[in-house]
Amino acid sequence: MSQTVELIYEGKSYTYPIKEGTENEKAIDISKLRDETGLITMDVGYKNTGSTYSSITFLDGEQGILRYRGYDIEELAEKATFLEVSYLLIFGDLPTQSQLSHFEEQIKAHSLPPEGIVKMLDHIPSEAHPMGVVAALVSALTAFYPKSWDLSVNKDEIMPTIYRLIGMMPVLAAMCYKNSMKAPKIMPNPKYDYCSNFLNMMFSTPGILYTPYPVVAQALDKLLILHADHEQNCSTSTVRTVGSSQAGLYSCISAGISALWGKSHGGANQEVIEMLEQIKADGGNVAKYVEMAKDKNNSFRLMGFGHRVYKNFDPRAKIIKKAADEVLGKLGISDPTLEIAKKLEEIALKDEYFISRKLFPNVDFYSGIIYRALGIPVEMFTLMFAIGRLPGWIAQWKEMIEQKQAIVRPRQIYIGPKQRAFVPLAERK
Ligand code: ACO
């Protein structure tokens with residue numbers, strides 16, 4: 001029997017249907033609310049607001065479940081590759097061998113950025129933050145592929161645009177790194193897999209070939225899988241919002257990169273390492289920083305802790321913590337910040353402040369320690385997250401376009417001045 005909720009307002013009764021997802025999540029469908037009652041709902045930060053129906057990612061924050069297209073994140077991280085997962089997210093099912101080979105070949109074939117983009121990068125200051133640089137370059141790709149500007153008309157351009165984005169992102173990221181060091185750029189090499197190619201472009205120099213170490217490439221691949229989608233988070237909602245106006249895909253992804261940059265979102269992975277280094281420099285006094293995070297007169301927060309939707313544990317953090325131990329062990333690296341992070345987690349998880357607010361380590365808490373062990377510089381951490389999140393953004397954009405979603409346009413409650421008479425400049429006091 002279909003369920004409904006009844007709203008009584010000014011003595012009148014209104015009925016609204018309950019919509020249910022495949023995992024029994026329920027929502028009140030209030031799409032007729034304003035027409036029928038004149039009311040809107042208020043939910044600042046959208047803590048209780050569903051913005052879409054989606055069949056891409058399922059997440060249960062209470063039980064710590066994360067699935068892409070029905071597959072558990074733990075299993076995907078263990079058994080799949082990042083490009084396999086990208087295919088899964090974008091097309092809905094795991095690829096066959098020939099589908100995957102075609103996908104990988106197309107990505108390789110579309111990975112060389114236009115010369116004009118490389119020249120643009122040459123004019124960007126070397127100290128620029130790579131997130132801002134890559135957001136700008138991705139947006140600028142529209143200029144070089146003008147048909148991609150309106151993909152609702154130029155449908156043949158959809159797949160080349162997707163291939164270019166997945167192919168070029170790591171190339172642009174590595175070029176950005178080389179630019180930051182004023183070093184010559186290394187072009188993509190089709191003989192490598194996705195992650196080894198990125199590592200080669202990052203760490204080879206002309207004449208000195210870096211041989212991507214399989215342990216490093218595999219660890220990177222796993223991190224990208226763990227970041228690949230996370231349903232309607234801030235950056236993904238941004239991609240869908242921008243896309244809902246029919247803006248081109250490059251612009252949508254550029255907007256997603258910008259949204260991810262903030263320290264409340266993807267920018268936290270850089271902040272975590274900086275925080276751990278600060279604690280280390282301060283003699284490793286972990287308890288002091290836990291107290292600072294609890295002090296409401298202090299703006300300090302434990303970076304990498306807390307999450308809007310995970311109120312039990314973040315399954316990605318569990319996998320990454322284990323991976324951090326494994327990767328550092330295999331590479332023979334001893335990183336004191338890993339010990340500080342573990343101590344911080346241990347103290348915080350026993351503390352009433354964190355327990356009562358359901359604050360746990362999130363995906364960013366341990367990821368930076370692995371990135372650093374792989375040789376990725378700290379300023380690049382959030383960009384690594386963006387490379388990982390890219391297939392998720394693309395899948396969500398594609399789903400939104402296929403759903404023919406209406407333009408996103410929330411309402412507000414106005415709390416400014418009522419109408420007042422204009423005072424000419426000369427009469428103003
Ligand atoms: N350290 C200390 N206190 C915290 C923390 C933290 N990291 N996170 C939340 N709290 C406290 C808040 O002060 C608040 O306390 P109060 O109820 O006494 O006022 C309570 O917990 C709820 O916090 P909100 O900020 O209301 O929760 P929200 O869901 O809006 O924010 C967020 C989630 C932004 C992730 C927050 O926990 C945070 O700032 N964490 C640190 C930054 C971080 O790690 N971001 C990455 C998130 S994961 C990702 O985006 C990939």
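Biologist: What volume does the second largest pocket have?

Modeller: Happy to start there, keeping in mind that this is a predicted model. The lining of this second largest pocket counts 35 residues. Its volume comes to about 670 Å³.

Biologist: Between which domains does the second largest pocket lie?

Modeller: Let's look at who supplies the lining. Helices H2 (73-79) and H14 (315-331) are among the elements that give two or more residues to it. Both domains in question contribute lining residues, so the pocket lies between domain 2 (73-264) and domain 3 (268-374).

Biologist: Which element gives the most to the lining of the second largest pocket?

Modeller: The lining divides into 20 nonpolar, 6 polar and 9 charged residues. Asp193, Cys195, Ala217, Gln218 and Asp221 lie nearest the pocket centre. With 7 residues, the top contributor is H9, which spans 214-227.

Biologist: How do the rings of Tyr145 and Tyr250 pair: stacked, edge-to-face or tilted?

Modeller: Good one! The ring centres of Tyr145 and Tyr250 are 6.2 Å apart, inside the 6.5 Å limit for a pair. Their planes meet at 35°, so the pair is tilted.

Biologist: How many residues apart in sequence are the parts that this pair ties together?

Modeller: Tyr145 sits in the loop between H6 (130-144) and H7 (158-180), while Tyr250 belongs to H11 (residues 249-261). Tyr145 and Tyr250 are both buried. The pair therefore ties together parts whose separation in sequence is 105 residues.

Biologist: Which residue has its charged end over the ring of Tyr145?

Modeller: The charged end lies 3.7 Å from the ring centre of Tyr145. The residue is Arg164.

Note on methods. Residues are numbered from 1 along each chain as its sequence is written. This is a predicted model: local features need pLDDT of at least 70, side-chain atom pairs count only at pLDDT 80 or more; totals for chains, interfaces and linings use all residues. Side-chain values use heavy atoms; hydrogens and water are left out. Rings of Phe, Tyr and Trp (its six-membered ring) pair if their centres lie within 6.5 Å; planes under 30 degrees apart count as stacked, over 60 as edge-to-face and the rest as tilted. Helices (H or I, at least four residues) and strands (E, at least two) are DSSP runs, numbered from the N terminus. Buried means under 20% relative accessible area, exposed over 50%, partly exposed in between (1.4 Å probe, protein chains only). A charge sits over a ring if NZ of Lys or CZ of Arg is within 6 Å of the ring centre and within 35 degrees of the ring normal. On a 1 Å grid over the protein atoms alone, a cavity is a set of points where a 1.4 Å probe fits but cannot get out, and a pocket is an open set with protein on both sides within 12 Å along at least five of seven lines; lining residues have an atom within 4 Å of a point. Grid points are joined across faces, edges and corners, and a volume is the space filled by probe spheres set on the points. Ala, Val, Leu, Ile, Met, Phe, Trp, Tyr, Cys and Pro count as nonpolar, Asp, Glu, Lys and Arg as charged, and the others, Gly among them, as polar. Domain bounds come from an automatic or database domain assignment.
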